[in-house]
Amino acid sequence: MSGKSQRRLVSTNSMCSSHLFTILTLSLLFVLAAFITACASDGGTGRNIASQTSTTSSATPASSATGSTNGNGSTANNGGQQPTNTGTSQPGKEYHVKVYFSKHGQDSMTLVYPVNRTTTSQAVATASLQYLIAGPDASEQAQGYYTELTSMLKGASTCGADFTIKLNTKGSTPETGTATVQFCRDLSSAGVGMDARVQSQINATLKQFPTISKVIILTRSGNCFGDESGANMCLR
């Protein structure tokens, strides 16, 4: 083979090697890019799952005084429904509320259980307490639900109703998140056990609303309900 032919062969082999190197390099880059994309996709899925599971929680039965859970283990927050001081209603529109009753057979004086009610009034806090005073229906009574608040109220009203509710008020002082309930009729109680049950029922019924985090309960004379000390500690 002549020197010229040898040089041509060497040049051809060099070109082939160069093309092969380029093809291999591009193939490796393609595989690497696909691998990185797959990893990123898996990582995104993992974050989504973590985000979903972190928002779930299991509620446990607790005293209604905390306002966070009720007797059957479900949360007491009522879907963002906001109470108002107005008694207006919108034709055809219903608001779903819960009323919390005590239940026979339970040793705890603060454990309460929810039942469902509907109202057309935008004053859902007032409506809920009215339902509490009305008491459980026949089927609910058969299941053991009860309240002593109905029988505690005695005599004529000084305000034309059983009670008044002031939102964002502690007694007569403005306080965000506090609702003050003042009864307009006399309250007759058999003792601290009855007082504790009624307080738990009122607290849980009103704290179902997100804007109410604290409840003050006053008698017709403006004293703290169930305060045997006479010091009106609920207003301090």
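Leu187 counts as partly exposed because its relative accessibility is 23%, where partly exposed lies between buried (under 20% relative accessible area) and exposed (over 50%), for a 1.4 Å probe and protein chains only. The structure is a predicted model, in which local features need pLDDT of at least 70 and side-chain atom pairs count only at pLDDT 80 or more, while totals for chains, interfaces and linings use all residues. Residues are numbered from 1 along each chain as its sequence is written, and side-chain values use heavy atoms, with hydrogens and water left out.

Leu187 belongs to strand 7 (residues 186–187); strands (E, at least two residues) and helices (H or I, at least four) are DSSP runs numbered from the N terminus. Apart from neighbours within four places in sequence, Leu187 is in contact with Leu149, Met152, Leu153, Thr219 and Phe225, contact being defined as heavy atoms within 4.5 Å. The C-alpha atom of Leu187 is separated by 9.7 Å from that of Thr150, and these residues are 37 residues apart along the chain.

Phe225 is also one of the residues nearest the centre of the largest pocket, together with Gln199, Val215, Ile217 and Cys234, within a lining of 13 residues. Helix 5 (192–207) and strand 8 (214–218) are the elements that give two or more residues to this lining, and strand 8 supplies the largest share, four residues. A pocket is an open set of points on a 1 Å grid over the protein atoms alone, where a 1.4 Å probe fits, with protein on both sides within 12 Å along at least five of seven lines; lining residues have an atom within 4 Å of a point. The volume of the largest pocket is about 230 Å³, taken as the space filled by probe spheres set on the points, which are joined across faces, edges and corners. The lining comprises six nonpolar, three polar and four charged residues; Ala, Val, Leu, Ile, Met, Phe, Trp, Tyr, Cys and Pro count as nonpolar, Asp, Glu, Lys and Arg as charged, and the others, Gly among them, as polar.

Gln201 is likewise placed in helix 5. With 0% relative accessibility, Gln201 counts as buried. Residues up to four places away in sequence not being counted, Gln201 touches Tyr100, Phe101, Ser102, Val112, Leu132, Tyr146 and Thr147.

Helix 5 packs with helix 2 (residues 124–134) at an angle of about 145°, their axes lying 9 Å apart; axes are lines fitted to C-alpha atoms over the stretch in contact, and angles run from 0 to 180 degrees between N-to-C directions. Ala125, Ser128, Leu129 and Leu132 of helix 2 make the contact with Gln201, Ile202, Thr205 and Leu206 of helix 5. These contact residues divide into five nonpolar, three polar and no charged.
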